[in-house]
Amino acid sequence: MDRFTRNDLRIIANRLERVLSSSRVRIEQFVNDGNEEEQVWSFIRVLPSSESEIMQIVQMARTQGWRMTPSGGGAMGSYGNIPRQRPVIVLDTHNLQNIIHYAPEDMLITVEAGMTLHKLQHILAQEGQMLALDPVCDEETTTIGAIVATAKSGPYRAHYGTLRDMVTGLRVVLGDGTAVKMGSHVVKNVAGYDLSKLFIGSLGTLGIITQCTLKVKPIPRYRELCALPGTLNEIISWQRAIMDSSLIPACFELMGEIPLLPGNTATSSPWTLIIGSDENEASARFQRDTLYQLAGQSLQVIGPLEVDDFWREYRRILGAASIVLRLQTQPAHIASLASNIQHQLKADHDITSHISVTLPEGIGRLFLKTEHVDEAKRALTRLRQWVQSQQGTLVIEKAPLAVRHGIEVFYSPRLQDGALELMQLVKDQYDPQHLFNPGIFVGGI
Ligand SMILES: Cc1cc2nc3c(=O)[nH]c(=O)nc-3n(C[C@H](O)[C@H](O)[C@H](O)COP(=O)(O)OP(=O)(O)OC[C@H]3O[C@@H](n4cnc5c(N)ncnc54)[C@H](O)[C@@H]3O)c2cc1C
């Protein structure tokens, strides 16, 4: 791996100061918690304030071969495989905070990529609108660019979809230092392939996202949740009944034992199904009555005044996990598969986890809390093979360096038939010198 001395970094920083003022070029240290000899690495954090400054930095990096990592402020921790080469430059997007264009009547907003999710939601709320995205993250520090680069989603994806449905366009600085516009800044105006979709979940390996155009939604007039505690078998039968009914839940999430219900109400059931309503009071009542037929007296209603607290607590509990696993399989099997993994983690590895599964999508996450690195590695390696034998996929979405060391975090049976070669071609096209996060994507791309 490239190793730069502090003196080398000082020389590089001096060059960067030709583009940015010295207060926006800082030499900092990264403390490695991995199984490597080197514990502390120095790097340069740059804080550009405009796309043209980013272009100049990338052009300079390109001529010198300096590796870079785009950063949204470290809100997400480290994602993907261990990088093949250390970044010399962390390109911090925090200063890119502006609204470029907002047309509430068109329900579209274009913002710079360093804007935090919290700030974006605040701006939209003033017009009675919202970005219908609810990932488990710290909204006050997580940037829109980092959310797009990691393809985050949350329980409301059951109704509103994912970032692929919300991002209509992006501006990106590519590896040759040019800025390109992808997709569209109006709804339904893309001729040919919408290349902006390639950047969703690309983990900053294809370019630096500088602007995002997003479709927004009206804030629901009445938001309510129904909690249906039950056994796993009951929940699986309710899942079928609800999917066969005329209900259109705003969220449809299976959760394990977490003290989330109002007043921390204890339930005797290890599982809870959370069904959301985002329409008006009459539809919420209809949904509530229908669910009451299924769950009877055990049904609990989380009213409009309690819903925000419920989700805040949900994010607080799940956000404390050190490892996040993403599980995918057929909707009919996801509940039992997730529960089986949770059981194996506890019984065979003494690892506690929380589950949050979007049942109709067949996608869920397990949030693990453990400090035992070797045991976690053993568990993940074994469980991923087992999940594959059950026709599922288990990806390590987030984990400390030490756990990811020596493990390919993307482990998907779908990566066959030339898919990796195609992805490598895309990388070579957008980032020919492999400046951005080299090696962290699928297959070490
Ligand atoms: C010297 C040094 C050594 C390191 N060594 C390692 C190592 O050995 N192993 C390791 O795993 N990590 C290592 N890292 C950390 C790794 O590079 C981080 O993932 C990176 O700094 C970004 O992290 P973040 O937490 O700030 O990302 P976040 O801001 O939380 O973003 C999450 C992901 O989105 C990407 N992203 C964020 N904003 C944008 C944007 N606007 N456009 C495009 N992509 C975006 C990020 O690059 C990242 O992949 C090292 C970092 C440094 C500085």
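Contact here means heavy atoms within 4.5 Å. The model is a predicted one, so local features need pLDDT of at least 70 and side-chain atom pairs count only at pLDDT 80 or more, while totals for chains, interfaces and linings use all residues. Residues are numbered from 1 along each chain as its sequence is written, and side-chain values use heavy atoms, with hydrogens and water left out.

Take serine 356, which sits in strand S17 (residues 352-358); strands (E, at least two residues) and helices (H or I, at least four) are DSSP runs, numbered from the N terminus. With 4% relative accessibility, serine 356 counts as buried (under 20% relative accessible area, 1.4 Å probe, protein chains only). Setting aside neighbours within four places in sequence, serine 356 is in contact with Glu253, Leu254, Tyr314, Leu318, Gly364, Arg365 and Phe367. With glutamate 253, there is a side chain to side chain polar contact at 2.6 Å; such a contact is a pair of N or O atoms within 3.5 Å, where within protein one must be able to donate a hydrogen and the other to accept it, and residues adjacent in sequence count only if both atoms are side-chain atoms.

Now for a sheet. Five strands make up an open, antiparallel sheet in the order S5-S6-S10-S8-S9, where two strands pair if DSSP finds at least two bridges between them. Strand S5 (99-103) and strand S9 (179-183) are the edges, each pairing on one side only. Inside the sheet, S8 (residues 167-173) and S10 (residues 208-215) run antiparallel over six bridges, and arginine 171 stands opposite glutamine 211 in S10.

Methods:
Buried < 20%, exposed > 50% of the residue type's maximum accessible area, 1.4 Å probe, protein only.
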